[in-house]
Structure formats: structure tokens, C-alpha cells
Amino acid sequence: MYSSKEYAEHVKKTSPRSPVLKNSVKAFFVGGAICALGQALFFIYLNFADEKEAQLFVTVTLIAAAAFLTGLGIFNKIARFAGAGTLVPVTGFANSVVSPAIDNKKEGFILGLGPKIFTVAGPVILYSVLSGALYGIILYAVEVFKKLS
Amino acid sequence: MRKTKILKNPPAFISYASAAGYEEHRGPLGCKFDFHDETDLFGSDSWEKAEGELAHTVLSLALKKGGISEQDVEVLFAGDLQNQCVASSSGLYNFGIPYLGLYGACSTCTEALLLSSLYLETSEGDTIAAAVTSSHYCAAERQFRTPLEYGGQRTPTAQWTATAAGAFLLGRKESGVRITEIMPGKMIDSGICDASNMGAAMAPAAADSVFALFSDEKHDISSFDRIVTGDLGDTGSFFLHELLSKDGIDIRDKHEDCGLLLYDRNAQDVHSGASGCGCSASVLAAHYLPMLEKRELKKILFMSTGALMSPSSVQQRIPIFGICPAVVIESD
């Protein structure tokens, strides 16, 4: 008989794995399609706005679309097929905020939705802000060092 | 050595019922359930309430089918997957039956049958005990995994919590289908901390119970028509067969897993198969008991498998403990 440690190792080696190559190809095409859509929107928005505003409008449109599709229960079906293809663009972030919001509405807006809206996106927000701050400090230190030398 | 307990007054199934949700009704056993709801809401406005309603519905059906009043039921053993087993309490309180709440993860169905049998062993006359277990995909998903609308992919070893329930009324009967032997399961440390591979985490517990049972001279694999495990799924069944082969036991000809019967894995995206307290309960009530009643099967070993863990225990890398109680069900 196995010890529990040996068994866990054996299971890790033997259990069926996610089809990484297939998932990567699907993610590449769906993710690429979302980005191409973003680019097309960008060109359209350029007719009404300057470059910076158009970029912003593209992001807002994609977030709104992902949030809307999440609400309709369609986004998770696309994501089940696309995986990282929908997760990596800003669409994934929108979904990760909207889905717990829908899910926890039943427990009330204050005690349900409020604290739980960032259960999925929380780590992304926390560590991106933190790494942004860290990067800022390093950049500042480098600038100071440059001036001194 | 661990042995089964042979019941002196083997209780019979007086009545039983099953109920299921949309995905389960689409599966191969779909037409056999007594009740199903396409919306999975069972007339409620939240998933948690829906599971309570599901448990309520299935016990009502079992009482109705058996022509039994709730006042005639002396005790109710019930459990589910929600925190503090709230689906069982909220769904079943208004029957007014004395209640004993159980938690054995997905093994709760066999645990409830085992305890009902033990209760009846010490009772006289026409005492009736009820066993009810339920699970709901949406309630379990919210509690154990991610929000329902969250877009992500699952591993091939992950299992799909069944939206299903089974209710069983046990008591005295001249002839019929009986629970003749019972054996509680040992908690086995699988060493696995991956909640997406519960089948593999439960397989050592199932292997331990099968091994204990067939190490006993009075049991012979050939005397059973089926050896039914709860919800090992495809991955867990593979590891069960592998673990048993090391002990020189081969049950593959007789083995069926409720987790593999509930859905059509080629047509339904359920990965390794079904799981949940309602999985083995609904399959027993909808599939095996009618077959035993018609004498298409004479004797089965029924062993629901449970993965004992919580979202916090998994995050703290506490290994998942498997458990697998067993009951022998025979028709006479």
C-alpha cells in the first residue's frame, strides 16, 4: 500500500491533465479576436475622439460588454471554451467583479454584495496597486541616485 | 479487523423517491426521477432555498408514494452540503419529524441509511425512519468554488455537484428490499489537497472499505450483483481499481459509480462525473431500488463516498480525508 504522501504524488502524476496545447490555441484565437475587436472599435472611435479618449472608450466598451454578457449568463459559457482568451483581456476583470456581485445580491446590498464583490478580483487589485507603489519607489530611488551621481 | 454488522431485524425500504434538476434530467437516468424542475429553483428565489425546497419535495413524494403520514415517521436522518446543513433543516422542519442532522460530505446518503437501520434495530413494531440527502449545484458552487457566472475552465478531474435528492422510508415489511448489513467507513488521509480532484481523494477510503469487506470470509465478490460507489467519477474509479489491484482484488466487472451514471459525459460538460449528497441518493432511489424491487438485481453493495474538507481546510493545505461507509442491500 502507498503512504498518503506517495499516493498524492502518484495521483498528481497519473491524473488526466488539462489539454494545455488545445486550451492555448483556443485562448490565442479568442483572446486575439477580442483584441482585434478592440482595435476595430478604436478606429471607429477615432472618428469622434482623439487617440487617448478613443483608447479609453475601447476599454469602457469591452468592460460594459463583458459585464452585460456576464449578467445574461453567456460570458461563462464563452469563457469555458476560451479560458485565458477571455480572462487575460480586460473582459476577464469585468467578469470577475460582476459575477460575485450577481451571486451575492441575495444576501443584501450591504452585507452580501458589498464585502464580496471583490472576492475574485480582490487579489488582482491589491497586488497591482502594491506592485505599482513598489515600482514607483524604485523609480524614485533610481532618479535620486542619478541626480546624486 | 473491521467487519460488517449483520442486522438482526433488517429494515425494508417502505417507500422512496428521487428529485433532480435540469442537467440531471437531461442525463441517462432523466426519465426515472419522480420529479424534476427545469429551472433548478424549485419555486424558490435563491439557490440555498431551492435546495431546501428540493429536500422538502423529495420527502413529500416518498411519503405520498408510500401512503404514509409524517406523524408515523419516528425519526429523520438528513444532511446536505451547505454550511451547517441548512438545506435539510430549513427544508424539512415543517414535517415536524424528530430530526438528526448529518454531515458526511457526499457519503451522507449511506450514513443516513446506516443510522436509520441502526435506529430500527432497537425499535419495535411498525416504526418508520426516514433518510433524506440533497445537494444543489448552484448552492455548492457558491460555497465551495467560484461565483456561478465567473468565467473559467475546470480541470478534467473536477466533478459536477448534482442538483438532486433522494428520500427513503425504512421500516418493517413482510418482503421487499432490505438493508441486511452495515459498515461505517474509516477516515483515510489521501494526502491530496486539490479540491478539483475529489475522486482521487476518496478512492483510498473506498478501497479500504472494499478491502475490509472482502477480507471477511463471509463475503464473496461473486455474491454481489453490483458494487456501487457514490461519486468517485472517472478519475476516482480508475484509482480505486488500481489500489484494489495491489491487494489482488478485482471488482471491475461488478463496479458501477453513481457519479458516472447520472450524466452522459460525452454530451454533458461535467468532466470526471457527478458528485454531491444527492448524487448517490437519487441514483439509488431512481435506478437501483426499482431494479432490486423487480428482482433484476438480488444483492448490491452500496457505498457512498465522501471527501471531508472545507474551502478553508483546502486553502490551509489540510489534506482531504476520504470516507466510505457501506450498506448491503438485498431483495427477498
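# Close-up views of a two-chain predicted model

**Figure 1. Chain B as a whole.** Of the contacts in chain B with a separation of 6 or more, 81% join residues 24 or more positions apart. The model is predicted. Chain B holds ten helices and 17 strands. Its radius of gyration is 18 Å, close to the 20 Å that the globule rule gives for 332 residues, so chain B is as compact as a globular protein of that length. The C-alpha trace of chain B spans about 55 × 50 × 35 Å along its principal axes. Buried residues account for 58% of the 332 residues in chain B.

**Figure 2. The largest nonpolar core.** This core has 112 residues. Those with the most contacts inside it are Val58(B), Ala62(B), Ala130(B), Val132(B), Ala167(B), Phe168(B) and Ala206(B). Domain 1 (5-171) and domain 2 (177-331) of chain B both give residues to this core, so it lies between them.

**Figure 3. The surroundings of Ala130(B).** Residues up to four places away in sequence are not counted here. Beyond them, Ala130(B) touches Leu59(B), Val73(B), Leu76(B) and Ile97(B), and also Ala167(B), Phe168(B) and Leu169(B). Ala167(B) and Phe168(B), like Ala130(B), are among the residues with the most contacts inside the largest nonpolar core.

**Figure 4. Strand β17 of chain B and its partners.** β17(B) covers residues 326-331. The strand is mostly covered, with five of its six residues buried. Strand β9 (residues 177-183) of chain B pairs with β17(B) in the antiparallel sense, over six bridges. Here Ile179(B) stands opposite Ile329(B). Strand β14 (residues 299-303) of chain B also pairs with β17(B) in the antiparallel sense, over four bridges. In this pairing, Lys299(B) stands opposite Glu330(B). Strands of a sheet pair through backbone hydrogen bonds.

**Figure 5. An open sheet of three strands in chain B.** The strand order is β10-β16-β15, and the pairing is antiparallel. β10 (188-189) and β15 (306-308) of chain B stand at the edges. Each has a single partner strand, so one side of each is left without a neighbour in the sheet. Two bridges join β10(B) to strand β16 (residues 321-323) of chain B. Ile188(B) stands opposite Gly322(B) in β16(B).

**Figure 6. Where chain A meets chain B.** The contact involves 29 residues of chain A and 24 residues of chain B. Four helices of chain A each supply at least two residues to the side that touches chain B: α1 (4-14), α4 (75-82), α5 (84-87) and α6 (90-103). The largest share, seven residues, comes from α6(A). By class, this side of chain A has twelve nonpolar, 13 polar and four charged residues.

**Figure 7. The two domains of chain A.** The domain assignment gives domain 1 (20-117) and domain 2 (118-149) of chain A. Their C-alpha centres lie 26 Å apart. Domain 1 of chain A brings seven residues to the contact, and domain 2 of chain A brings five. On the side of domain 1 of chain A that touches domain 2 of chain A, α6(A) gives the most, with five residues. The residues of that side divide into four nonpolar, two polar and one charged.

Note on methods: Residues numbered from 1 in each chain as written. Chains lettered and ligands numbered in written order. Predicted model: local features only at pLDDT ≥ 70, side-chain atom pairs only at ≥ 80, totals over all residues. Core = buried A, V, L, I, M, F, W, Y, C linked by C-beta atoms within 7 Å. Buried ≥ 20, exposed ≤ 12 C-beta atoms within 10 Å, placed from the backbone. Domains from an automatic or database assignment. Contact = placed C-beta atoms within 7 Å. Nonpolar A, V, L, I, M, F, W, Y, C, P; charged D, E, K, R; others polar. Rg over C-alpha atoms; globule rule 2.2 N^0.38 Å. Pairing = 2+ DSSP bridges.
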